[in-house]
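I opened my notebook to look up the annotated residues and the pockets of a new structure.

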Amino acid sequence: MRFEGIYTPIVTPYFDDFSCNEDALEKTVEHLIGAGVHGIIVAGSTGEYYAQTEQERIWMMNRCAELIKGRVPMIVGTGAIRTEDSVRFAEAAKAAGADALLIATPPYAYPTGREIALHALAIDRAANLPVMLYNYPGRMSVNMDEETLDRLGRSPNFCAIKESSGDINRVHMLARDYPHIGLSCGMDDQALEFFAWGARSWVCAGSNFAPEAHIALYKACAVEGDFTKGRAIMSAMLPLMSVLEQGGKFVQCIKYGLTLRGIDAGPPRKPLQPLNKDDKRQLAEVIRTMNTTISKIIGEAI
């Protein structure tokens with residue numbers, strides 16, 4: 001499997017009692033597919049998998065598969081501390097009809113490179129599906145180092161890596177030394193650099209509410225090879241990325257951004273709290289300005 005394009009880690013819309021808003025979930029799936037995203041990721045951190053029970057996560061896989069109906073690939077996250085739990089999620093994902101898995105480093109356990117590889121290989125053996133690795137040391141405290149990549153790169157199932165370290169030198173290393181593992185942007189404010197170094201996909205939470213802008217940057221850089229246009233689009237997107245990354249309100253911003261599109265994504269689950277009025281006003285203004293600017297660049301309304 002080749003990962004090409006924009007992959008959206010879908011939010012889980014909630015009512016105020018934190019039960020799933022199924023109508024909003026269906027609308028979100030239709031909104032994303034209609035906008036042209038290239039795949040949907042279920043049980044990413046943007047989907048708040050860490051705040052869900054095992055039963056809720058498995059229900060979400062199956063419900064999203066029913067809603068997507070094979071129109072775009074569905075990738076399912078297997079994130080968990082225990083390998084045994086990740087294996088169960090992978091098996092459930094395969095049973096639900098997932099096209100691929102997203103495998104992250106187990107958080108908190110602080111495994112070595114060899115241990116990360118053995119964790120991922122156990123999941124691979126259980127499901128035998130294409131895999132996008134997920135390197136996010138900011139949350140997991142460890143990198144998928146060269147030992148991990150050397151061990152996993154021997155298996156054809158490990159075909160991409162979402163790189164979210166923020167270390168541009170790792171982007172260089174991955175592009176140069178591991179060309180057989182597709183490079184996927186996982187650090188939004190470095191998207192232009194990722195595409196310049198050969199990335200063919202971008203896993204971007206902001207595409208929940210701004211798929212058109214994210215697709216525009218992907219098309220300019222990865223499809224058209226027009227990095228002058230890409231720089232202009234990226235410049236227009238940077239203020240949004242600054243707002244998303246400041247103050248630990250990432251999921252809240254993504255959900256409110258989708259609410260601004262007319263789909264009530266509801267509150268985040270605790271311990272997170274909804275945005276205040278000032279945060280909402282700031283986000284809405286940044287999105288409006290970004291969309292106006294990008295529309296002028298690409299010559300069509302978004």
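These are my entries, in the order I made them.

**Entry 1: the annotation.** I noted to start with that this is a predicted model. I then turned to the UniProt record, an unreviewed entry, where the annotation "binding site" covers Thr46 and Val203. I checked how they sit relative to each other: they are spread over 158 residues of sequence, yet they cluster in space, with a largest C-alpha distance of 10.8 Å. I also found both Thr46 and Val203 in the lining of the largest pocket.

**Entry 2: Thr46.** Where does Thr46 sit? I found Thr46 in the loop between strand E2 (39-42) and helix H2 (54-68). Is Thr46 buried or exposed? Its relative accessible area is 5%, and since buried means under 20%, I wrote down Thr46 as buried. Next I listed its contacts, leaving out residues up to four places away in sequence. Thr46 touches Pro9, Ile10 and Val11, then Ala205 and Asn208, and also Phe250, Val251 and Ile254.

**Entry 3: Val203.** I placed Val203 in strand E8, which covers residues 201-203. Val203 is buried too, at a relative accessible area of 4%. I set aside its neighbours within four places in sequence and looked at what else it meets. Val203 is in contact with Tyr7, Pro9, Ile41, Met132 and Lys162, as well as Ser184, Cys185, Gly186 and Asp188.

**Entry 4: the largest pocket.** I looked up the volume of the largest pocket, and it is about 450 Å³. Which residues lie nearest its centre? Of the 26 lining residues, they are Tyr134, Tyr136, Gly186, Glu245 and Phe250. I sorted the lining by class and got 12 nonpolar, 8 polar and 6 charged residues.

**Entry 5: the second largest pocket.** I moved on to the second largest pocket, which holds about 260 Å³ of space. It is lined by 19 residues, with Pro179, Ile181, Gly182, Leu183 and Arg200 the closest to its centre. Strand E6 (158-163) and strand E7 (182-185) each give two or more residues to the lining. E7 gives the most, with 3 residues. By class, I noted 11 nonpolar, 5 polar and 3 charged residues in this lining.

Note on methods. Residues numbered from 1 in each chain as written. Predicted model: local features only at pLDDT ≥ 70, side-chain atom pairs only at ≥ 80, totals over all residues. Heavy atoms only, no water. UniProt positions renumbered as here; feature names shortened; annotations may be inferred. 1 Å grid on protein atoms, 1.4 Å probe; cavity = no way out; pocket = protein on both sides within 12 Å on 5 of 7 lines; lining within 4 Å. Helix = DSSP H or I, 4+ residues; strand = E, 2+ residues; numbered from the N terminus. Buried < 20%, exposed > 50% of the residue type's maximum accessible area, 1.4 Å probe, protein only. Contact = heavy atoms within 4.5 Å. Points joined across faces, edges and corners; volume = space filled by probe spheres on them. Nonpolar A, V, L, I, M, F, W, Y, C, P; charged D, E, K, R; others polar.
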